[in-house]
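Colleague: Before I use this model, could you take me through the labels attached to it, setting each value against its definition?

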Amino acid sequence: MVYDGSGGPPQIADIGIRGDSIAAIGDLGDAQAQRVLEVGGMAVSPGFIDLHTHLDPVMTHSDCESHLRQGVTTSLGGPDGSSPWPFDAYLDSLSNLGVGMNVGYLIGHNTVRRNVMGLDNRAPTPEELEQMKAQVALAMEEGAWGISTGLKYLPGSFSETEEVVALSRVASEAGGIYTSHLREEGLEIFASVQEAITISEQADITVVLTHHKVIGKPMWGKSRETLAMVDSARAKGLDVRIDQYPYNASYTGISVLIPAWARAGGQEAFLQRLADPILRDSIHAGVVFNILNDRGGDDLARIQFARVSWMPELEGKTLKYWCEQQGLEPTLENGADLVLDAQKRGGASCVFFAMDEGDVQQIMQHPYTMIASDGRLVNPGEGHPHPRWYGTFPRVLGKYVREEKRLPLETALYKMTGLPAHTMGLSDRGYLRVGMKADVTVFDPETVADRATFEKPHQYPDGIPYVIVNGHLAVDEGELVPAKNGRVLRKTKP
Ligand SMILES: [Zn+2]
């Protein structure tokens, strides 16, 4: 069953691949081939395109197994405002090294702001803004697909909207898109969605609300409103889109619970503020507020440690567990003390169970929502990652399509192929059509499933026997082929 990536119904057909491209689709019963894959009963799809990948470990994980095994053949890196720099040199060295899947990059706002202004909590001078614009322009010339922001993170959180508009306009003029990790995803989410829409309007740019979610108990159910905001922006002619990972828990540094002003200037400045009793009180109050209303979900058991370099035995355990282990009552106040303690020791990565499943489903069903992992390349045994690093795409196909019937299969595949290709402006991938690059994923719709869980994340998915990248097998009978047939994709001028 061939799903062409357009969201239309499948057809039964053979696919012929020559070199790196699709040469024929139809009844090819008489054709000769070096190798024939008999995949009767399977679904054949364009390789999945992941618009939000943390590719940072790619130099040491260049086979990209954790992504290929999910059926992903193209990933967009540089999300959340953070990208390689210098851009061109990095892409060159990756190209020389070789990579298992296709990769492209965004230029990160936090990266250029840090280059020019360090971690200063202020607006840029006109000269500094010009320098940032020049760096964005340079990266766009060198093949970036657009710009990303991480307005929740340092130093992006110190920027005003007009700075992001100015930089996004530079990306837009070069044909790029803008993916936004919103400033806030909890109590302030409406203002943050509105900010992204304003940037789309003022910079004349396609905006992707990345890993869209509604965080914190008081906000559960509010995706109805955020999706309505997207709809009305689209009705006005703005191009606003969404990507999402299919889980009701997020993953980031424990520092996300600490007010940004407290960490301005970096770790040293943070420690100094913490040493001042009055400032410490107000930092502590901010953390309590965030546990109550934001990523803490009003319960220390909803915060689970994933990577803790200074106390590995905490990995997989919750903040509630740590509190009790210290002989403390698991109150929000005691939890906040430990959060500050953790940050003092160098921070930790955590899973935050602070989303409502109803919101996850509602966002997924929006016609402009794409599936994206927000996963980081990983090898089995490395720390305690979020299961989305291994399971995002098969989880949608297994849990949300087959088991719960939230989406028709062809719609889910469109959200993984044609729609992200169109969003990026990738013209030769994302669809199974003659002349397109031969990126193909073959899976069994009856068995495809994620196996990674929050408890045991290091598990490859089931039901994806073949993945083809640029005409070469990258996964063969469920096993990785250690050949590097991916390409570094640079956007060319429209
Ligand atoms: Zn993010």
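Modeller: Let me begin with the term contact, since two residues are said to be in contact if their C-beta atoms, placed from the backbone, lie within 7 Å. In that sense F393, V396, L397 and V401 of α14 meet L409, A412 and M416 of α15, and by class this contact has 7 nonpolar, no polar and no charged residues. Please keep in mind throughout that the model is a predicted one.

Colleague: Why is α14 called roughly antiparallel to α15?

Modeller: Helix α14 (residues 388-403) and helix α15 (residues 409-416) pack at an angle of about 160°, with their axes 11 Å apart. Angles over 145 degrees count as roughly antiparallel, and therefore α14 is described as roughly antiparallel to α15. The handedness is a separate matter, and here α14 passes α15 in a right-handed crossing.

Colleague: Why is α5 described as oblique to α6?

Modeller: α5 and helix α6 (residues 189-203) pack at an angle of about 45°, with their axes 9 Å apart. Roughly parallel is kept for angles under 35 degrees and roughly perpendicular begins at 65, so α5 is oblique to α6. The crossing of α5 and α6 is right-handed, and the residues in contact include V164, V165 and R169 of α5 and E195, I199 and A203 of α6. The classes in this contact are 4 nonpolar, 5 polar and 2 charged residues.

Colleague: How do you know that the radius of gyration of the chain agrees with that of a compact globule?

Modeller: For 494 residues a compact globule would have a radius of gyration near 23 Å, and the chain has 22 Å, so the value agrees. Along its principal axes the C-alpha trace spans about 80 × 50 × 45 Å, and the secondary structure comes to 16 helices and 21 strands.

Colleague: Which residues belong to domain 1 and which to domain 2?

Modeller: The domain assignment gives domain 1 as 46-248 + 356-425 + 451-459 and domain 2 as 252-352, and their C-alpha centres lie 25 Å apart. The contact takes 18 residues from domain 1 and 18 residues from domain 2, and the residues on the domain 1 side divide into 8 nonpolar, 7 polar and 3 charged.

Colleague: Where are the cis peptide bonds that join W85 to P86 and L154 to P155?

Modeller: The bond joining W85 and P86 has an omega of about -5°, and P86 has its place in the loop between β6 (72-77) and α2 (87-97). From L154 to P155 omega is near -10°, with P155 in the loop between β9 (146-150) and α5 (161-173).

Colleague: What is the phi of H211, which is not a glycine?

Modeller: H211 has a positive phi of about 35°, and H211 lies in the loop between β11 (207-209) and α7 (223-235).

How values were computed
Residues are numbered from 1 along each chain as its sequence is written. This is a predicted model: local features need pLDDT of at least 70, side-chain atom pairs count only at pLDDT 80 or more; totals for chains, interfaces and linings use all residues. Axes are lines fitted to C-alpha atoms, for helices over the stretch in contact, and angles run from 0 to 180 degrees between N-to-C directions. Helices (H or I, at least four residues) and strands (E, at least two) are DSSP runs, numbered from the N terminus. Angles under 35 degrees count as roughly parallel, over 145 as roughly antiparallel, 65 to 115 as roughly perpendicular and the rest as oblique. A crossing is left-handed if the near helix is turned anticlockwise from the far one by less than a right angle, and right-handed if clockwise. Ala, Val, Leu, Ile, Met, Phe, Trp, Tyr, Cys and Pro count as nonpolar, Asp, Glu, Lys and Arg as charged, and the others, Gly among them, as polar. Domain bounds come from an automatic or database domain assignment. The radius of gyration is taken over C-alpha atoms; the globule rule is 2.2 Å times the number of residues to the power 0.38.
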